[in-house]
Amino acid sequence: MSFRIGRLVPEKTALLICDIQERFKPLIHKMPHVIRTAQLMVQSANVLKMPVLVTEQYPKAFGKTVSEISTSLPSTDTHVFEKTLFSMATPEFQSALKSYSNVKSVIIAGLETHVCVLQTALDLLESGYEVHILGDGVSSQDTQDRHYALERLKSSGAFLTTSESALFMLLNSSQNPSFKAISNLVKDYKADIRKHPEDLLP
């Protein structure tokens, strides 16, 4: 079996936003940090021209994707799916993802780490994708659930990373034409999260 190093390049990567919905705002541990990280990634995907796939778990009960994210979604190459399956990998989702035949890697932010994020990652790993989980972009109601889910994801072959690490890997070089735009987005993100250190994920 070949050794995977988890290299990220924009042309081969999709961003997945899993169930970051209004109803969960008061329930999820450090939810403001999750939302701001997902917003950063959505804005960056727009700059880097990466496809964005979003799911909403039974929105009739849990509401739509939070406005901080939905208003930042790119106007093209964005797909939003309603679901009742815990995994994002519904038939409709899988069809949309497969339509990007060049995509070999996915970056996941969302909720909850130990349920929908975990099951999505396992489904996509089984399908042959490289899966990157944003440690600063996933959470659960209980910290113990999040902790053990991240351990499980790592042992199953997912790569654990952060938004900044993933973005600068996607850029690869300061000579990248998108470097300044992404750097400014990261700078704004850091300034925002430093205003509320109590909301930071560990």
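At roughly what angle do the axes of helix 1 and helix 7 cross, and within what distance do they come?

## Helix 1 and helix 7

This is a predicted model. In it, the axes of helix 1 and helix 7 (residues 163-171) cross at roughly 10°. They come within 11 Å. Angles under 35 degrees count as roughly parallel. Helix 1 and helix 7 are therefore roughly parallel to each other.

Helix 1 brings Thr37, Leu40, Met41, Ser44 and Leu48 to this contact. Helix 7 brings Ser163, Leu167, Leu170 and Leu171. Sorted by class, the contact of helix 1 with helix 7 has six nonpolar residues, three polar and no charged.

## Helix 1 and helix 8

Helix 1 (residues 31-48) also packs with helix 8 (residues 179-194). The angle here is about 170°, and the axes are 10 Å apart. Angles over 145 degrees count as roughly antiparallel. Helix 1 and helix 8 are therefore roughly antiparallel to each other.

On the helix 1 side, the contact uses His33, Arg36, Thr37, Leu40, Gln43, Ser44, Val47 and Leu48. On the helix 8 side, it uses Ala181, Ile182, Leu185, Val186, Asp188, Tyr189, Asp192 and Ile193. Nine of the residues in the contact of helix 1 with helix 8 are nonpolar, four are polar and three are charged.

## Helix 5 and helix 6

Next come helix 5 (residues 113-126) and helix 6 (residues 143-156). They pack at an angle of about 5°, with axes 9 Å apart. That angle makes helix 5 roughly parallel to helix 6. Helix 5 makes the contact with Thr113, His114, Val117, Leu118, Ala121, Leu122 and Leu125. Helix 6 answers with Asp145, Arg146, Ala149, Leu150, Arg152, Leu153 and Ser156. The contact of helix 5 with helix 6 counts eight nonpolar, three polar and three charged residues.

## Two sides of helix 6

Now look around helix 6. Arg146, Ala149, Leu150 and Leu153 are buried. These residues cover an arc of only 105° around the axis, so they sit on the same side of helix 6. An α-helix has 3.6 residues a turn, so residues three or four places apart point the same way. The buried residues of helix 6 pack against helix 5, strand 5 (130-139) and strand 6 (159-161). On the other side of helix 6, Gln144, Tyr148 and Ser155 are exposed. Just after helix 6 comes glycine 157, with a positive phi of about 115°.

Leucine 160 is in strand 6. Its relative accessibility is 40%, so leucine 160 counts as partly exposed. Beyond its neighbours within four places in sequence, leucine 160 contacts Ile133, Leu150, Leu153 and Lys154.

Threonine 161 is also in strand 6. Is threonine 161 buried or exposed? Threonine 161 is buried, because its relative accessible area is 15% and buried means under 20%. Leaving out residues up to four places away in sequence, threonine 161 touches His132, Ile133, Leu134, Gly135, Asp136 and Ala166.

Helix 4 (residues 91-98) buries Phe93, Ala96 and Leu97. They cover an arc of only 100° around the axis, which puts them on the same side of helix 4. Their cover includes strand 1 (13-18), strand 2 (52-57), strand 3 (78-83), strand 4 (105-111) and helix 5. The face of helix 4 turned away from this buried side carries the exposed residues Pro91, Ser95 and Lys98.

Most residues other than glycine have a negative phi. Tyrosine 58 is not a glycine, yet it has a positive phi of about 40°. Tyrosine 58 sits in the loop between strand 2 and helix 2 (59-62). With a relative accessible area of 39%, tyrosine 58 is partly exposed.

Asparagine 172 is not a glycine either, and its phi is positive at about 75°. Asparagine 172 lies in the loop between helix 7 and helix 8. Its relative accessibility is 66%, so asparagine 172 counts as exposed.

Note on methods:
Residues numbered from 1 in each chain as written. Predicted model: local features only at pLDDT ≥ 70, side-chain atom pairs only at ≥ 80, totals over all residues. Heavy atoms only, no water. Axes fitted to C-alpha atoms, helices over the stretch in contact; angles between N-to-C directions. Helix = DSSP H or I, 4+ residues; strand = E, 2+ residues; numbered from the N terminus. Parallel < 35°, antiparallel > 145°, perpendicular 65-115°, else oblique. Contact = heavy atoms within 4.5 Å. Nonpolar A, V, L, I, M, F, W, Y, C, P; charged D, E, K, R; others polar. Buried < 20%, exposed > 50% of the residue type's maximum accessible area, 1.4 Å probe, protein only. Arc of directions from axis to C-beta.
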